[in-house]
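The following questions and answers concern the model shown here. Please keep the sequence and the structure in view while reading.

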Amino acid sequence: MVDIKETIKKAAYEEGADLLGFADHEGKTAVVLAYYSAGDLDLGGLDRKAERIASRVRRAGFKAEVISACDGGGVSLRRLAEKAGLGFIGKSGLLITERFGPHVRLAGLQINTELPVQEGAGPAKGGCNGCMLCVKACPAGAIERRDASRCRDFVEGMGEGRCTACIDVCPFKVKG
Ligand code: SF4
Ligand code: SF4
């Protein structure tokens with residue numbers, strides 16, 4: 001009998017994933033992949049990686065579908081990643097991992113079977129604790145006001161630019 005979890009692990013690492021976790025998700029199992037990224041990473045490319053893994057899962061006899069990194073269809077890959085133990089969601093709203101801090105991009109898929117998961121086993125480490133650095137650094141006040149539209153509007157107003165203030169100040173960021 002196929003060990004589907006091993007199949008997924010092998011496929012994920014062949015697709016270059018840096019971190020991998022499994023979480024219960026509405027009677028199915030979510031597979032979350034995290035890729036180290038210090039800059040932009042093509043989200044469509046991440047979906048294609050997830051689709052290749054999903055194809056392998058289907059060939060093993062299971063149903064599998066991609067949870068899009070571009071548009072998760074209402075499913076938050078960050079929440080699933082946190083549930084799968086890959087990190088914690090900081091005040092910035094970003095997933096903070098132990099190895100790469102906030103420098104990760106996520107991809108994922110869900111399969112129609114329940115696999116053993118080890119939820120919440122990741123590097124939560126007390127989360128942000130008293131840190132307020134990103135709250136203070138955000139030029140749009142989006143974190144303080146918990147208003148994602150402020151971030152969106154600010155970034156759109158930058159044109160070609162990219163705001164990384166909340167990543168740059170995070171003490172968990174990868175020191176390069
Ligand atoms: S990307 Fe910039 S504007 Fe958006 S939350 Fe982070 S610091 Fe604020
Ligand atoms: S900068 Fe501080 S408050 Fe913001 S996510 Fe990082 S640890 Fe948390």
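Helices (H or I, at least four residues) and strands (E, at least two) are DSSP runs, numbered from the N terminus. This is a predicted model, in which local features need pLDDT of at least 70, side-chain atom pairs count only at pLDDT 80 or more, and totals for chains, interfaces and linings use all residues. Residues are numbered from 1 along each chain as its sequence is written, with chains lettered from A and ligands numbered from 1 in the order written.

Q: Which residue just after α2 takes a positive phi?
A: Helix α2 covers residues 43–59 and has 17 residues. Just after α2, a positive phi of about 100 degrees is found at Gly61.

Q: Within what arc do the buried residues of α2 fall?
A: Leu46, Asp47, Lys49, Ala50, Ile53, Ala54 and Val57 of α2 are buried (20 or more other C-beta atoms within 10 Å of their own; exposed means 12 or fewer). On the other side of α2, Gly44, Ser55 and Arg59 are exposed. Seen down the helix axis, the directions to the buried C-beta atoms place these residues on one face, because they fall within an arc of 155 degrees.

How values were computed: The expected span of a helix is 1.5 Å times one less than its number of residues.
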